[in-house]
Amino acid sequence: MRVRFLAIAVCFVMVASLVSLAGAEEAKHEFIGSKKCSMCHKKSGIAESWKATAHATAWDKLTAEQQKDEALKPFYTTGTDAKGNLLTGIQCEACHGAGSAYKSKKVMVDKEAAIAKGLLMPDAKTCAKCHNEKAPTDALKATVKDFNFEKMVVKGSHMMPSKTKEVEKKK
Ligand code: HEC
Ligand code: HEC
Ligand code: HEC
């Protein structure tokens with residue numbers, strides 16, 4: 001009797017801690033959507049220049065038929081936010097990681113702190129999550145051959161104020 005009670009108690013504790021672990025993990029990595037990032041990243045021109053990319057509009061350019069195809073979603077959306085809204089297109093967080101834990105100004109100004117809370121500084125590997133041979137559309141597949149990170153990143157992300165400043169300093 002006692003042994004059985006103990007066994008049940010141990011199981012309960014294990015399940016409870018697994019559930020709370022999963023909860024904490026999720027809370028750390030919730031997508032918030034590019035509109036929220038853009039509120040602070042507007043003045044630099046980043047938000048506007050991202051909006052002009054093929055990434056911002058990739059979902060809108062799909063046919064109604066394609067938008068129903070689950071296989072396309074990992075490539076043409078950013079995922080869902082905490083409320084379950086589908087974040088369409090390749091938004092900030094598809095490259096920079098889910099932002100719920102790093103979005104506050106206090107964290108953002110401290111790059112190390114932001115990275116500890118999930119901010120990613122994207123590199124060629126980030127692009128390869130979608131720009132790869134498994135791409136579900138011809139348009140995306142066409143970008144895979146000769147994918148040159150240095151060239152593609154200019155066209156595919158947004159302006160980089162820090163690099164522009166460097167160029168200006170050199171003048
Ligand atoms: C409350 C305002 C605010 C919000 C919301 C915000 N940021 Fe930031 N972010 C900042 C500030 C301030 C910095 C510091 C550097 C700067 O001024 O650009 C920064 C820096 C960054 C950096 C550069 C890190 C570095 O030091 O090189 C990235 C990348 C970034 N944010 C991405 C995002 C993304 C993606 C989102 C949305 C998930 C987001 N930010 C939301 C204010 C914000
Ligand atoms: C296609 C991928 C991609 C998307 C989408 C994207 N970024 Fe970036 N972002 C990058 C890359 C790559 C860098 C440069 C990383 C580095 O310097 O190591 C960068 C750098 C930044 C920086 C630092 C800029 C600087 O001058 O150093 C900020 C701030 C930033 N991103 C914010 C955003 C915000 C806000 C959005 C959405 C409106 C966004 N990014 C969307 C790829 C992306
Ligand atoms: C979440 C998936 C995803 C990620 C991550 C991603 N892309 Fe894309 N990219 C797409 C999709 C989808 C398109 C639009 C394809 C289409 O036209 O249907 C696209 C289009 C582009 C285009 C326009 C191609 C053209 O011929 O006009 C460029 C440039 C680009 N991506 C560069 C990048 C770079 C650089 C990175 C990494 C820093 C990156 N992408 C990360 C999915 C992604």
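1. Around ligand 2 there are 23 residues, and those closest to the ligand are His 41, Cys 92, Cys 95, Ser 157 and Ser 162; a residue is taken as near a molecule if its C-beta atom, placed from the backbone, lies within 6 Å of it. This is a predicted model, in which local features need pLDDT of at least 70 and side-chain atom pairs count only at pLDDT 80 or more, while totals for chains, interfaces and linings use all residues. Residues are numbered from 1 along each chain as its sequence is written, and chains are lettered from A and ligands numbered from 1 in the order in which they are written.

2. Two or more residues of the shell around ligand 2 come from each of helix H2 (34–40), helix H3 (46–51), H7, H12 and helix H13 (161–170), and H7 supplies the largest share, four residues. Helices here are DSSP runs of H or I with at least four residues, strands are E runs of at least two, and both are numbered from the N terminus.

3. This shell around ligand 2 holds 13 nonpolar residues, nine polar and one charged, where Ala, Val, Leu, Ile, Met, Phe, Trp, Tyr, Cys and Pro count as nonpolar, Asp, Glu, Lys and Arg as charged, and the others, Gly among them, as polar.

4. Ligand 3 is surrounded by 23 residues, with Ala 54, Cys 127, Cys 130, Ala 139 and Gly 156 the closest. Among the elements giving two or more residues to this shell are helix H4 (54–57), helix H10 (124–128) and helix H12 (149–156), and the largest share, four residues, comes from H12.

5. The protein as a whole has 13 helices and two strands.
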